[in-house]
Amino acid sequence: MDALRQLVREERDPVISDRRYLHRIPETGFNEVKTSAYVAERLKGLGLEVQTGVATHGVVGLLRTGRPGPTLMIRADMDALPIAEETGLAFASTHPGCMHACGHDAHMAMALGAAAVLNRLRERIKGNVKFVFQPAEEGPGGAEPMIQAGVLENPKVDYALACHLWSERPEGVIGVRSGAFLAAMDRFDIRILGKGGHAAQPHLCVDALEVGTQVVAALQRIVSRQINPIEPAVVTVGSFHAGTAFNIIPAEAVLSGTTRTFNEETWSAWASRLEKVVAGVCGAMGAGYEFQFSRGYPPTVNDAAVADVVRRCAISVVGEDRVVEPELTMGGEDMSFFLKRVPGCFYCIGVGREGAAPLHNPRFDFAEELMLLGVETHGRVALDLLG
């Protein structure tokens, strides 16, 4: 492990250089043309077996040792956000209106750094390490298409690992949690069909706006009255549009929102529960409706045994007092699709400091030295599972 740490230190400059180059060329989901090309060239330069064009722009680099053993997948997301950067960095985005504001540039740099380090330690590894660079984590989701393209096969993946920068925790803290970590996230869209007319003659109309307000109120009662109160769940209506003038009763209202839960049974029942409420309210008030429910990402659930390995390795990297169990979060993660099929762990690296901008903010930035913690943790986990 001393040799591993020394190699990680030697990779400091390449890791930072990778991050800065990737930060300059942010690309949104399924548009990662320049990003994937750069990643592929770096992996080829390390002598890994490289596959490109997986699920559009996904890249896979395989470190094959030739010795029998399991295969560990280390995953990094590649896509950026449609945000205009305001950091003022010398290596700021050169793509107007697009920015790596969620740390995906760092995730890629850490995975490339781990590939370089583990390639130099291949004699200590039994089995394989598969480095998976995934498109479209921010949406609509690239993990499932990569799985369908066979990324978990040839060789079969036995463990999965990924990390994420964590602006809500102090710099240098590593968060590892067993079991459920991030929530399932879905979207619903509702169109309420009423009968418009003059504001002075409501008795001749079916007020879609009024029906919509009742739908919103009734949807909130799903969580407060139908879900076990000790189970976290969220129904949020985030968009409500109706009406064109102060004296016209609208014939139509359009609502959009999201659901969140950690419970698989609750997740599978959301669509029927929501539509039952919409149908009931609209039926009682004489309105029609159109309902659409779009499944997003499932809950992100870490395997307890793999999480224990990551926790132990993280303690070796930053010390026991700097490894914490993060709180549950209602955010969602595309890594969840991999973890539904393969035991693994999604962990976090704290980058928060006083006055710093959070994730998904046009001023988001972090101390680049912190990426070495991710490189070393990735490496230690690999040597633990495959050593």
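I looked up Arg-75 and found it buried, with a relative accessible area of 3%. Buried means under 20% relative accessible area, exposed over 50%, and partly exposed in between (1.4 Å probe, protein chains only). The model is predicted: local features need pLDDT of at least 70, side-chain atom pairs count only at pLDDT 80 or more, and totals for chains, interfaces and linings use all residues. Residues are numbered from 1 along each chain as its sequence is written, and side-chain values use heavy atoms, with hydrogens and water left out.

**Glu-333 and Arg-75**

I checked the partner of Arg-75. The side chains of Arg-75 and Glu-333 meet in a salt bridge, 3.1 Å from N to O. I take a salt bridge as a side-chain nitrogen of Lys or Arg within 4 Å of a carboxyl oxygen of Asp or Glu. Arg-75 sits in strand β3 (residues 71-77) and Glu-333 in the loop between β15 (323-324) and α9 (335-341), so the pair ties together parts that are 258 residues apart in sequence. Helices (H or I, at least four residues) and strands (E, at least two) are DSSP runs, numbered from the N terminus. Glu-333 is buried, with a relative accessible area of 2%.

I then went through two of the pairs.

Asp-365 forms a salt bridge with Arg-19, the closest N and O atoms being 3.2 Å apart. Asp-365 is in the loop between β16 (344-352) and α10 (371-386), and Arg-19 is in helix α2 (residues 12-24), 346 residues apart. Both Asp-365 and Arg-19 are buried.

Glu-368 also forms a salt bridge with Arg-19, with the closest N and O atoms 3.0 Å apart. This pair links distant parts of the chain, 349 residues apart, with Glu-368 in the loop between β16 and α10. Glu-368 is buried, as is Arg-19.

For the whole structure I recorded 27 salt bridges.

**Glu-138**

I moved to Glu-138, in the loop between β4 (128-134) and α5 (143-148). Is Glu-138 buried, exposed or partly exposed? I found Glu-138 partly exposed, with a relative accessible area of 29%.

Not counting residues up to four places away in sequence, Glu-138 touches Asp-79, Ala-80, Leu-81, Cys-102, His-104, Tyr-297 and His-360. Contact means heavy atoms within 4.5 Å. The side chain of Glu-138 makes a polar contact with the side chain of His-104 at 3.4 Å.

Conventions. A polar contact is a pair of N or O atoms within 3.5 Å; within protein, one must be able to donate a hydrogen and the other to accept it, and residues adjacent in sequence count only if both atoms are side-chain atoms.
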